[in-house]
Amino acid sequence: MSKEKLSGAEALMRSLQDEGIELVFGYPGGASLHIYDALFNQQAVQHVLVRHEQGAVHAADGYARSTGKAGVVFVTSGPGATNAITGLATAHMDSTPVIVISGQVKSHLIGTDSFQETDMIGVSRPIVKHSFLAQRAEDIPMIVKKAFHIATTGRPGPVVIDIPKDVTDPDYKFDYSYPKDIDIRSYKPVEEGHSGQIRKAAKLLLKSERPVIYSGGGVIQNDASEELTSLVKYLDFPVTNTLMGLGAYPGTDKNFLGMLGMHGTYEANMAMHNCDLILAVGARFDDRITNDPAQFALGAKKIHIDIDPASLSKIIKVDVPIVGSAKTCLDQLLNELKKNESKLDKNKIEPWRKQIKEWRKEHGLNHRMLKDASNSKKILPQHVIQSLYKETKGDAYVTSDVGQHQMFAAQYYHFDKPRRWINSGGLGTMGFGLPAAMGVQLAFPNSTVACVTGEGSIQMCIQELSTCLQYDLPIKIINLNNSSLGMVKQWQDMQYGGRLSQSTYEDSLPDFVKLTESFGHVGIKVEKPEDLESAMKKCFELKDKLVFLDIVIDEDEHVYPMLEAGMAMDSMWLDKKTKTWK
Amino acid sequence: MKRVIALLMENQPGALSRVVGLFSQRGYNIESLIVAPTEDPSLSRLTMTTEGDTQVVEQITKQLNKLIDVVKVLDLSFEEYVGRELLLIKMEFSEEAEAEVSNLGGQVLFKDDNLLNVEFVGASEELDEIVTSLAKLNPLEVVRTGLSGISSTTKTLTI
């Protein structure tokens, strides 16, 4: 192939094409003008113009989480770059492959406090998997190749490429070629688990009488749901998913305990606390799961499969650490178990299954809520999610923001497939839901995408309603409106004597119906429980329209169960008056 | 417990800031740090001393290994190793001072009628003692490089 002469900006666009990228989210500015001109002169990569750079990164993140492919963002220097920071931190905490390409001031101006200059590499350093400063146009193809490799392999994560304006100068051209392979000597993620450790793990699994499989976002990131499901079904063991891991195992299956942790189900948390073996896969024992690590599952042996060695024994010391990808290790483990088929006694854990069933019967989600609901004149948020689930037949992509509505969605929408539940778990970023839904809808134009949000979160990136009109994105926004910052209020109710410091809006909220209409979409307000179902139906019947369903819910509702801080996983509030400990 | 970690990293702008940044961002302390390019100009070698129990230091080495710019990490505290650092001292010239320096095994690098520059090389604890002994001569300036180390086993920190 004859070599082409390209400028740095053209080489960037060509590298993205050669990497198979079709979609970029971004916002132009002075330092990225050469790049945007090169974008203009090609057709293969489509650009989505957002209204705020934070929206661009969340949209790319939503695209990445729903497709498994890297999401790409263009921002300019200075404020463009700093506006991308929250999005980068969100992607970093949840290990998603997002690549932010930031314009930078010209090389000779770096360090002089020039107009729109920010040290993007420095500012983003703690919240990226890696970053590159392109110093020569010729380096761009290799940097792009490395960036995609680093972002999408091993434990995925965001990568920043900072490009000074002179490096994209249209008048300087060089021979372009895109590298086929790369070798980074210091970066070689291990896929396969150590066979000795796999054998040890299999032995423990066969011996256990009270096992729990606890899986997290790593199983989804690594497309290992099939392997996880095969393993669970083979063993017929109970399984729980983290907030990030929902959908990795079918949510409607009998072996599924629901989510665990801070707002996990009673049975999932009780099972974790009382089990004799935990098999953790692609999860990281974070504080929203373990509660007090010193009191965490003291009677259990622990097996931990993770691609990131630094996740192993970071918080909880494990008995059998296994470094490797979830997909490969689960496959290895199943093979090892099958080799020892004669030792598998499914009846052995029957008393344990019975115990879990009893826990579920005693305090499973719903019981008290349904009792209360019959007397309620207000819409309960849990019912909204149940109505959404029914209307979408459990098959929608659901994004969420952060707070009570996020937990209700996680608890009451039962995800049967991976990559359907898109939320900011690690960083807990309000404002994530709507732009993330844009990324999902662009990736899957014919699928149903719902954004479960609250009147607090939605206002943090509401400007993206304008982007949704420009690109015809028929997202359904399910706004659980309790006129307050629900989760903050819940903590203030529970721990601060009900002193609602700065968590309510008084009468200052916008009319969301009018607001949505002014952006060219459809708004519907729902205030009575009896109107909920028909409104939900109407919302999803308007297939080609973005619909904002503003649902006034019971503002006093709390999310339960809730772990009591500083205690073990069996110490939960089950409702406003009932706790499990003395 | 004091720990000595040695590592090889890409000799590139930004690499050192990632290593140092990791410590502040995860709440670890760096007691001393010394870095220079190796005979392979694409690599730099860094030695640092830090405080922490085994679990903390294990986590530090894992996190260091995770950095893309870090090529190899060796926790020297797990091995037999030799550690040395350089101590430079400036003091007012006197015959008594010169004699004391020589007595303690130091080298005079510069002297004139007013000043003495001397060097000592040794393990950190030895240098601590030397600094204490020379305190009575009221040194004008004391500078230490921090510890550099190499293992005394066949295990090497090379690629």
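In the predicted model, 28 Å separate the C-alpha centres of domain 1 and domain 2 of chain B. Domain 1 of chain B covers residues 2–78, and domain 2 covers residues 81–149. The contact between them involves eight residues of domain 1 of chain B and seven residues of domain 2 of chain B. On the domain 1 side, β1, β2 and β3 of chain B each supply at least two residues. The greatest share comes from β2(B), with three residues.

Chain B as a whole contains four helices and nine strands. From the N terminus, the order of elements is β-α-β-β-α-β-β-α-β-β-α-β-β. The C-alpha trace of chain B spans about 55 × 35 × 35 Å along its principal axes. Of the 159 residues in chain B, 31% are buried. Among contacts in chain B with a separation of 6 or more, 70% link residues 24 or more positions apart.

An open sheet in chain B is built from four strands, in the order β2-β3-β1-β4. Pairing in this sheet is antiparallel. Its edges are β2 (32–37) and β4 (70–75) of chain B, each of which pairs on one side only. From one strand to the next, the twist averages 15°. Within the sheet, β1 (residues 2–10) and β3 (residues 43–51) of chain B run antiparallel and are joined by nine bridges. One bridge pairs B:A6 with B:T47 of β3(B).

Two helices accompany these strands. Helix α2 (residues 54–66) of chain B packs on the sheet and touches β1, β3 and β4 of chain B. The direction of α2 makes about 165° with that of β4(B). Helix α1 (residues 15–25) of chain B lies across β1, β2, β3 and β4 of chain B. The angle between α1 and β1(B) is about 150°.

Chain B also meets chain A. This contact takes 15 residues from chain B and 13 residues from chain A. The chain A side divides into eight nonpolar, two polar and three charged residues.

Definitions and conventions. Residues numbered from 1 in each chain as written. Chains lettered and ligands numbered in written order. Predicted model: local features only at pLDDT ≥ 70, side-chain atom pairs only at ≥ 80, totals over all residues. Pairing = 2+ DSSP bridges. Axes fitted to C-alpha atoms, helices over the stretch in contact; angles between N-to-C directions. Domains from an automatic or database assignment. Nonpolar A, V, L, I, M, F, W, Y, C, P; charged D, E, K, R; others polar. Buried ≥ 20, exposed ≤ 12 C-beta atoms within 10 Å, placed from the backbone.
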